[in-house]
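Please keep the sequence and the structure in view while reading.

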Amino acid sequence: IMEGVKHAQIIDISLSPCISVWSIGDGAPEETEKRDDSQRSTLFVEKPQSGSVSVGGNITFIAKVEAKDLLRKPNVKWFKGKWMDLASKAGKHLQLKESFERHTKIHTFEMHIIQAKENYAGNYRCEVSYKDKFDSCSFDLEVTGKIPLASVNGDGQDDAGELDFSGLLKRREVKQQEEEPEVDVWELLKNANPSEYEKIAFQYGITDLRGMLKRLKRMRREVKKSAAFAKGLDPAYQVDKGGKVRFMVELADPTVELKWYKNGQEIRPSTKYIFEHKGNQRILFINNCTMTDDARYYVTAGDEKCSTELFVRDPPILVTKGLEDTNTYVGERVELSCEVSEDDANVKWFKNGVELTNEPKSRYRIKVEGKKHTLIIEEAAKNDSATYSVMTTGGQSEAKLSVDLRPLKISLALEDQTVRLGQEIHLKCEISENVQGKWYKNGQLVEASDRVKLYHKGRIHRFIIASAAVDDEGEYMFVPDAYNINIPCKVHVVDPPKLHLDGLGENNTVTVVAGSKLRLEIPITGEPTPKVMWSKGDKWITDSGRIRAETYPDSSCLVIDTAEREDSGPFRITLKNEAGEDTALINIKVVDVPDPPQAPNVTEVGEDWCVMTWEPPANDGGSPILGYFIERKKKQSSRWMRLNFELCKETTFEPKKMIEGVAYEVRVFAVNAIGISKPSMPSKSFVPLAVTSPPTLLAVDGVTDTSVTMKWRPPDHIGAAGLDGYVVEYCFEGTDEWIVANPELTDKTRFTINGLPTGSKILVRVKAVNAAGESEPRYHPQPILVKEVVEPPKIRLPRHLKQTYTRRVGETVNLVIPFQGRPRAKVSWQKNGSPIDKNQINIRNTENDTIIFIRKAERSHSGEYDMKVEVENLVDKATIDIQIVDRPGPPEIVTIEDVWGENVNLSWKPPKDDGNAAITGYTIQKADKKSMEWFTVIEHYHRTSATINELVIGNEYYFRIFAENMCGLSEDATMTKESALIAKDGKVYKYPVYDDFDFSERPLFTQPLINTYAVAGYNATLNCSVRGNPKPKITWLKNKVIIMNDPRYRMFSNQGVCTLEIRKPSPYDGGTYSCRAVNELGEAEVDCKLEVKVIYQGVINPGEPFFLAGNNQVYNKHTPLDIPSHSLPLFSHSNAFSACKVCIYLLFFRIN
């Protein structure tokens, strides 16, 4: 449809043959329908349903969309007919509402039709879309009852929300409507060029051109000859609103059942729909046609159907009285009126071609009184001058409105003002006209705000600022709207100077770190701008130099480039202007890091620690000392290491974890709020040293009538300072005076205290001494009686000498035999009852042991050695058997006893010299007479006769034999004097024939099961052995029940030994266990009893009574442990550790 035309209504449509056309750019209508249907997806959960309402009644249509899978609200549109969007028709008679239920997540969309009119009837459509999803639903509205048509000159009424308002047509002058003959639009469309479709639709008020073209295309399809219908329906029918239409078909077979449908819904007989039969003709009458009857109809006869289209047209609305040109002034009320041919007609108002709406916030108000329609402008403005027009479906009218300004007079002009800072600025003016205006400051538009209040009441305009600021000074001007005049004035704001020191600290003190730059900015106010002066004492500060002053319009800055401690002190700032003076003192405090402390002193040194002290620094830098950091380093290193990461608050510190024996130095840093001072001078170097631990194992080594000999072991820990020696001290029992026994340190661990009175008792202690001092003393636990005691002799013969002591010839013999006996034990030796030759055997005696030494043993050294220790009349003896062994001699006479076949039988006599050791075997070798190369035949042979087999026939052999003992083979061998010839032709040896031995045997247990006790929680095993041939099958039973597939049991059988392992048994595993062996010759079975006992694990306190498993006797430390063997548990290899644990418990009990 042409530009500017939104809707059009069909007028004067007559029936004609159908043609198939579509508008330019829309594509084939049927293709569009297919494309729309392919994009549709179900979005509705509840669709609007068709309904009926009486004229003047209300009806509501509801659509619901589920929002479960939607991220935002879907788009919903309501249409009447094919394309009339109802969103633009909302008003008095139509309301669109929407809501959302959060619990059910359902969007509800409602269309309310209020005071329905007959022309509201028709087909409606609701469309919903979301991204690529689309759904649509059509429904019908039927309005019952009829209103008499209004006369052409009747009064109009309010038409807000009319649903059938057509698009406005091209403006044209109102003229008397002449009766025109009916035009067949179908014929026009059929014969017209497609480029003229829009022109025809505009000329004849076609609203649904696209739908009409679709219907024409369907009607254009060739109708095949029907077997059921002799004559079908016409392609289309047209009727006026309120008229009557007649559909007629002729059947080929009058007995066929016939049904009529409207938009797919079957039509039932009623006062509106009347069916008539005349022979083969079937006729349908539709009375009182309304817009809802504008639809597609078809009739079915059996499987065939015939369809047609019905078009209902509405008469056009005419403009009976047009608009008139109007002139007025700004601010006046303006009314533009016209009259139309019918009441409740839809009328559109336009301003310069732009449609005007009757919205609440619009300056334009449309009033409808019957047939009269009025456009009202309450207060006309200059921009309301325009051409206004009114349009209906059957005509239009236009008029010009001219709005001019009245001459303006200034009743009260603005006055110049001088205002103090903070006071109110109040500007007021009065003009002759009640018009709006604008305020300007220095040529800039001033808008109303929280601070600036603009008032307009009638002809008076006011400008108010509650609290004047410096920026409010300037030239103000009021300019009335639409007038080329202005009302000016000047405002002057004055303010005495003032310093703003709120950001400074207590007493206006500013702290700055020495060496840094200070830039102190002091905000200042005053109008006009005050003069600023800085001074310190009697000296004025200029705008140049290290200390200088910088002045800005709203502040003044004191700048110190590099702050020094001498800059501390009060600075004065003074402000002056014509309104007054202000001054203030500002204290500048320059702070710095503290001076370094003095070198620390190391007052005490330990094994890996020391104690150091120092004095606080003389100058704390203007800020209190917060603490100290301490560092240390090795004297030979340049790398210092921090010792504390949290400040030390005191002036003493104890460094730890130093290496003993290494020289160190320490130093200190002082810390205040500004930073860390330089380090102090290093302390004097010191070396951490520690005394040794006390000597160990102090014991009495010997006592005489005048001396006591002590012995000890070195300290467990000596340290880096080493060990210089020992100090031995003693005191007499009953006194506290300790006497040093050795004025000079002794480096030995044995010392004799001489000159002691006989019969006295002394206490002895020993100290270890090094560079760090003396260690803690080690005391002898008991007083020592100074009197020689007779100790009977006792030879402590080592265990290996209680048996024969064997050595080879040439080896060294060195035997140490300890003994005890005092005083002055006498040791003597004999060999085989005779004195020992000291030239061959060396003997050395001490107070505690005797040593027998043979540098190179010979066989003659073998024999029994008797040792005797004598103390006065007491004697102790011991005997040592020494055996010196050597290689044996060769065997005596080797003889060839017999030669047969490939075999030779040899015999010999043992050697005369066995090397002082038993002969352990013989080695036999053979040699071919031709090569005389010897090959070993038999080794480690124990008998004195042997048979040599597998000799080569035809060869001649010699044989020799070596004797062997624990020292090895004899050096020489004895060879046969004669050779043995293996003859080629000789007597054939016939082996004897033996019958095969029958090894078959029924099962027989060679070792039965035995009754066993097991410990709960520890694996137990049952063992037995069986023989039999064929190999018997082994089966284990518990209480005569076969044990199968039980993970608690494991069964083994190896070389006839059968084992059953019970994993961690409990008391319930006790019972009778059997082992059954079965083969084809018979079976055998053995059994035993297993009892599982729980060992009490609480034997912890010595002497506490306890019970052993299987024994009800109470045991304690006074009860002898006569524990029967059956009470002790059996332990397998897997729980040997548990057996040790029980043994330890028993041993612990026995000891206590």
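This is a predicted model: local features need pLDDT of at least 70, side-chain atom pairs count only at pLDDT 80 or more; totals for chains, interfaces and linings use all residues.

Which residue in β85 is the bridge partner of Trp1036? The bridge partner of Trp1036 is Cys1075.

**Strands around β85**
- Strand β81, residues 1033-1038, runs antiparallel to β85, residues 1071-1079, and six bridges join the two.
- Strand β85 is also joined by nine bridges to β86, residues 1082-1093, again in an antiparallel arrangement.
- Within this second pairing, Arg1076 has Glu1085 of β86 as its bridge partner.
- A hairpin is formed by β85 and β86, with two residues between them.

**An open four-stranded sheet**
- Four strands make up an open sheet in the order β19-β21-β25-β24, and their pairing is antiparallel.
- Strands β19 (319-321) and β24 (364-369) lie at the edges, each pairing on one side only.
- On average, neighbouring strands of this sheet are turned by 30 degrees against each other, direction ignored.
- Six bridges connect β24 with the antiparallel strand β25, residues 372-377, and Arg365 stands opposite Ile376 in β25.

**Nonpolar cores**
- The largest nonpolar core has 26 residues, of which Phe61, Trp78, Met111, Ile113, Tyr124 and Leu141 touch the most other members.
- At least two residues of this core come from each of β3 (59-66), β7 (106-113), β8 (122-130) and β9 (133-144).
- Beyond its neighbours within four places in sequence, Leu141 is in contact with residues including Phe61, Ile113, Tyr124 and Thr292.
- Another core, of 24 residues, lies apart from the largest one and includes Phe229, Val245, Leu251 and Trp260.

Technical notes:
Residues are numbered from 1 along each chain as its sequence is written. Side-chain values use heavy atoms; hydrogens and water are left out. Two strands pair if DSSP finds at least two bridges between them. Axes are lines fitted to C-alpha atoms, for helices over the stretch in contact, and angles run from 0 to 180 degrees between N-to-C directions. A nonpolar core is a set of buried Ala, Val, Leu, Ile, Met, Phe, Trp, Tyr and Cys residues joined through side-chain atoms within 4.5 Å. Buried means under 20% relative accessible area, exposed over 50%, partly exposed in between (1.4 Å probe, protein chains only). Contact means heavy atoms within 4.5 Å.
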